[in-house]
Amino acid sequence: MTDTPPTLQHINAAISRLAPFVRRTPSWEWRDDLLTSTLGPGTEVTLKLELFQYSGTFKARGAIMNLLTLTPADLMRGVTAVSAGNHAAAVSYAARALGTSAKVVMPKTASPARIALCRRYGAVVVLTEDVHEAFSAVKHIEQSEGRAVVHPFEGFYTATGTATLGLEFIRDTEDLDVVVVPVGGGGLIAGVSAAIKQLRPGCQVIGVEPEGNDVIKRSVASGLPEQAGPIRTIADSLSPPYALPYSLSLIKRFVDDIVLVSDDDLCESMYLLFERAKLAVEPAGAATTAALLGPLARRLAGKRVGLIVCGANIDAPRFSELLERGRAISAAKRP
């Protein structure tokens, strides 16, 4: 099934299988003077609050879905993963939920909050000097311990897991004109767009990448999985080292556009979500708001817009630092 998308039948079956292990996160209509003044009075904005998912991000869906495919013998040997944090936390949660063990590899630069979360779920955390060493370490764990590797964003089962989020969102809302989705390695938008386009073909799906790592936008343009260049963004969970074929095939098929946002945009949107909607999110969780109020503002004015708020795993000192940066940006931009 190298480029076959999950069907609605697959996705509905996945919703039933995942039900004991994931939350059906709420969809919430965001009404605010900020939205009216920026986008006009006819614009309706609904947030899919996936930051309330187990493990703090949408990645629990794909992690559980992948573990559900393992044999009893595989589960006895346990699982492993490499991640800057959110995927590691999701795999740690999934392992505990399904009664197995996890050994996750993370670079030392990973958020202390994410490292602590993995350990809280009972995972063994291996810290490495950098991402390259982390990939070597997870390969060694796989070969020496027989643990199954759970990929952070590629594959049919990962896309099927994230597609459940898209199906939930589109069923919980009135007819949306567009859904805006954060883009890292592409596993989230691949699944979400597949679900939305099969259920409501007329609904647009637009992705959001940070300017400091636009590997998916470049891959769509070239038609081939590209390598990331130097990564320069605060959105570490939207910073994959490369694109991969399966996710890219679904993105090319189902996604209408991908836009870019700056780190300043992300910081300001973190602040606005905190100040206006009382949501504490990581930079990736603010990406869709940044796109709505920035590069998409004119295009989406007067439309019914859905935004996926994907995660909230950030430690308090870093959150405070970025929030203050966002406050200053917003004060200068919106006096």
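Strand 7 (residues 178-182) and strand 10 run parallel and are joined by three bridges; strands here are DSSP runs of E with at least two residues, helices are runs of H or I with at least four, and both are numbered from the N terminus. Within this pairing, V179 sits opposite G306 of strand 10. The model is a predicted one, so local features need pLDDT of at least 70 and side-chain atom pairs count only at pLDDT 80 or more, while totals for chains, interfaces and linings use all residues. Residues are numbered from 1 along each chain as its sequence is written, and side-chain values use heavy atoms, with hydrogens and water left out.

Now for the rest of the sheet. Strands of a sheet pair through backbone hydrogen bonds, either parallel or antiparallel. Two strands are said to pair if DSSP finds at least two bridges between them. Six strands line up here as an open sheet with mixed pairing, in the order 1-2-10-7-8-9. Strand 1 (27-29) and strand 9 are the edge strands, each pairing on one side only. On average, neighbouring strands are turned by 25 degrees against each other, direction ignored. Strand 2 (residues 44-49) runs parallel to strand 10, with six bridges joining them, and V45 has V305 as its bridge partner in strand 10. Strand 1 and strand 2, on the other hand, run antiparallel and share three bridges; W28 stands opposite L47 of strand 2. Strand 10 (residues 304-309) is mostly covered, with five of its six residues buried (buried means under 20% relative accessible area, exposed over 50%, and partly exposed in between, with a 1.4 Å probe and protein chains only).

What about the helices? Helix 10 lies across strand 8 (204-210) and strand 9, at about 145 degrees to strand 9. Angles run from 0 to 180 degrees between N-to-C directions, and axes are lines fitted to C-alpha atoms, for helices over the stretch in contact. Helix 10 (residues 215-222) also meets helix 11 (residues 245-254): their axes come within 10 Å and cross at roughly 70 degrees. That makes the two helices roughly perpendicular (65 to 115 degrees; under 35 counts as roughly parallel, over 145 as roughly antiparallel and the rest as oblique). I216, S219 and V220 of helix 10 touch L248, I251 and K252 of helix 11, where contact means heavy atoms within 4.5 Å.

Charged pairs come next. Across the whole structure, a search turns up 21 salt bridges, each a side-chain nitrogen of Lys or Arg within 4 Å of a carboxyl oxygen of Asp or Glu. One of them joins R114 and E282, at 2.7 Å from N to O. R114 belongs to helix 6 (residues 112-120) and E282 to the loop between helix 12 (263-277) and helix 13 (287-293), so this pair ties together parts that are 168 residues apart in sequence. R114 counts as buried at 2% relative accessibility, and E282 counts as buried at 1%.

Another salt bridge links K333 with E268, the closest N and O atoms being 2.9 Å apart. Since K333 lies in helix 15 (residues 316-333) and E268 in helix 12, the pair ties together parts 65 residues apart in sequence. Here K333 is partly exposed at 45% relative accessibility, whereas E268 is buried at 3%. Finally, K48, E50, R61 and E168 are linked in a network of salt bridges.
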